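User: Hi! I'd like to go through the labels on this structure and see what each one rests on. Could you take my questions one at a time?

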Amino acid sequence: MMSTGVAPEMTNILINGTGQFGWGPKPEKYTIWLDEGQAHMLILVNTAVDTTFVFSIDNHTLEVIEADFVPIKPYNTTHIKIGIGQRYHVLVHGHENGYKTERYGNYWMRATPARKCSKFAFGPDEQMGIVRYNRTMPPRGWQDPLSEPSLYDTMCADEPYDKLVPWRPWTVGDPVNIDPKVEDPYTLPNNSQYIFNVGMISSGGPNSSMPYIPNDKAYTRWMMHEAPFRINFSDPTLLALDRINELIDKPYLDVVTLPNATDDQWVWMVITAPDKIPQEGGRIFFPAAHPMHLHGHDFALLRQSKKNWYDDLEIGHEGEGRWFTPDKLNCRNDKLKCDNPPRRDVVLLPATGYVIIAFKADNPGIWILHCHIAFHASSGLAIQIIENKERIPEILGRHGGREAIEESCESWRAWQSNPINHWDWHHPDHFQDDSGV
């Protein structure tokens, strides 16, 4: 991607490791069996590199009961949109006479790429598995289904916001990390900001202080804060808290420190995907959706919008960011849902839009927030969040935690110091050619 400036194209779709592609012999399609009149639970996980999928089973209803391991009020649908890294638990209710309803009880299971959330070099338009009811049919007697899909929208999006109602309610509190008296949030220190703009920037090169590989010239890389993220495998932030100021001064580490907070206080973050909004530093923006994943927490999704956060004077667009100045980023704003909002750990950041998320400061540690598109994360679309820094050493000290980490690091450094173990052993400095996420 960096050498050509063009995003890689996908070539195939697998369902539980099984797919059919190209010429030549093909494996049997992935198949599951249902029992008549019985409910079956499927755990749907999107492990793709660069594709949101729409999952469906012809002539069957999916009863959705969990999103990212958060139990929700069940709802029924004919299809479900699954972003990269998202997980859904669904119940599929078998037909009473499934083997009679449709050609010996066979139905197509479909994984269809969402429009504007996928890029394939050539096909496939979808990958199909098979749902069967008749377990007694001999293998050669099995027929391919003739079922047809229902009509549904395949645009790039998450499941409908109002459908994801957590079973156990949360009430979100006002942010501990946003000062309502600040007039311009962009004047805050880099490690105290709460608005993050996803975009690309030309960075690195032989005269740069950035430790990026390749480094023969400046390449365009993804970023969402100060610079494209790159962590040193041999120097984990968790063991470098006594050098925190040194870390903050390194833009490629993208450190964001949160104020000391109690377990019942909330941290809010705004993540935007602007389109053609001029920013200092030569950052490039263009419309693209990103599945954003936070480690260490479920977050509350206070708002998810396809509209731009910023004004665009060229087209006369007024950005919605004017609704959320620092004095209005609180639960008194009726445009934000603080009373049992959707809760998960991967959210699709809409192209040209934004999301506002909140999490409880109840898990001290250093957590990565990153895009789940593999080559975006590899290129640097991530930040690291230091939460309740003063409480981390005590937690690490329990049950020999710090000693175990240091022992692993020593083993790692011994292995990594030998160039023969490197993929490019002629050039030891080429060992880590991605962001480390």
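This is a predicted model: local features need pLDDT of at least 70, side-chain atom pairs count only at pLDDT 80 or more; totals for chains, interfaces and linings use all residues.

User: What makes the meeting of E246 and R243 a salt bridge?

Analyst: The N to O distance between their side chains is 3.6 Å. The cut-off is 4 Å, so the pair qualifies as a salt bridge. R243 is itself partly exposed, at 27% relative accessible area.

User: How do you know that D179 forms a salt bridge with K181, and is K181 buried or exposed?

Analyst: The closest N and O atoms of D179 and K181 are 3.4 Å apart, and the limit is 4 Å, so this counts as a salt bridge. K181 has a relative accessible area of 69%; the label exposed needs over 50%, so K181 is exposed. D179, at 34%, is partly exposed.

User: Which residue forms a salt bridge with R398?

Analyst: That is E394, with the closest N and O atoms 3.0 Å apart. R398 is partly exposed at 45%, and E394 is partly exposed at 46%. Across the whole structure, a search finds 18 salt bridges. There is also a network of them linking D68, R87, R344 and D345.

User: Why is H79 called buried?

Analyst: The relative accessible area of H79 is 17%. Buried means under 20%, so H79 is buried. H79 is found in strand 6, residues 79-82. Leaving aside neighbours within four places in sequence, H79 is in contact with residues including V54, F55, Y152 and E159.

User: What makes the H79 and T78 pair a polar contact?

Analyst: Their side chains are joined at 3.0 Å. The limit is 3.5 Å, and residues adjacent in sequence count only if both atoms are side-chain atoms.

User: Which residues have the most contacts inside the largest nonpolar core?

Analyst: F55, I80, V90 and M224 do, in a core of 60 residues. M224 touches F196, I271 and L381, among others, not counting residues up to four places away in sequence.

User: What do M41, I43 and V45 form on the surface?

Analyst: They form a nonpolar patch, with about 280 Å² of accessible area together. M41 lies in strand 2, residues 39-45. Patch residues need over 30% relative accessible area, and M41 has 48%, which makes it partly exposed.

How values were computed
Residues are numbered from 1 along each chain as its sequence is written. Side-chain values use heavy atoms; hydrogens and water are left out. Helices (H or I, at least four residues) and strands (E, at least two) are DSSP runs, numbered from the N terminus. Buried means under 20% relative accessible area, exposed over 50%, partly exposed in between (1.4 Å probe, protein chains only). A polar contact is a pair of N or O atoms within 3.5 Å; within protein, one must be able to donate a hydrogen and the other to accept it, and residues adjacent in sequence count only if both atoms are side-chain atoms. Contact means heavy atoms within 4.5 Å. A nonpolar core is a set of buried Ala, Val, Leu, Ile, Met, Phe, Trp, Tyr and Cys residues joined through side-chain atoms within 4.5 Å. Patches are made of residues with over 30% relative accessible area and no salt bridge: like charges are joined within 9 Å, nonpolar side chains (Val, Leu, Ile, Met, Phe, Trp, Tyr) within 5 Å. Accessible areas come from the Shrake-Rupley method with a 1.4 Å probe; for residues, only the protein chains shown count as cover.
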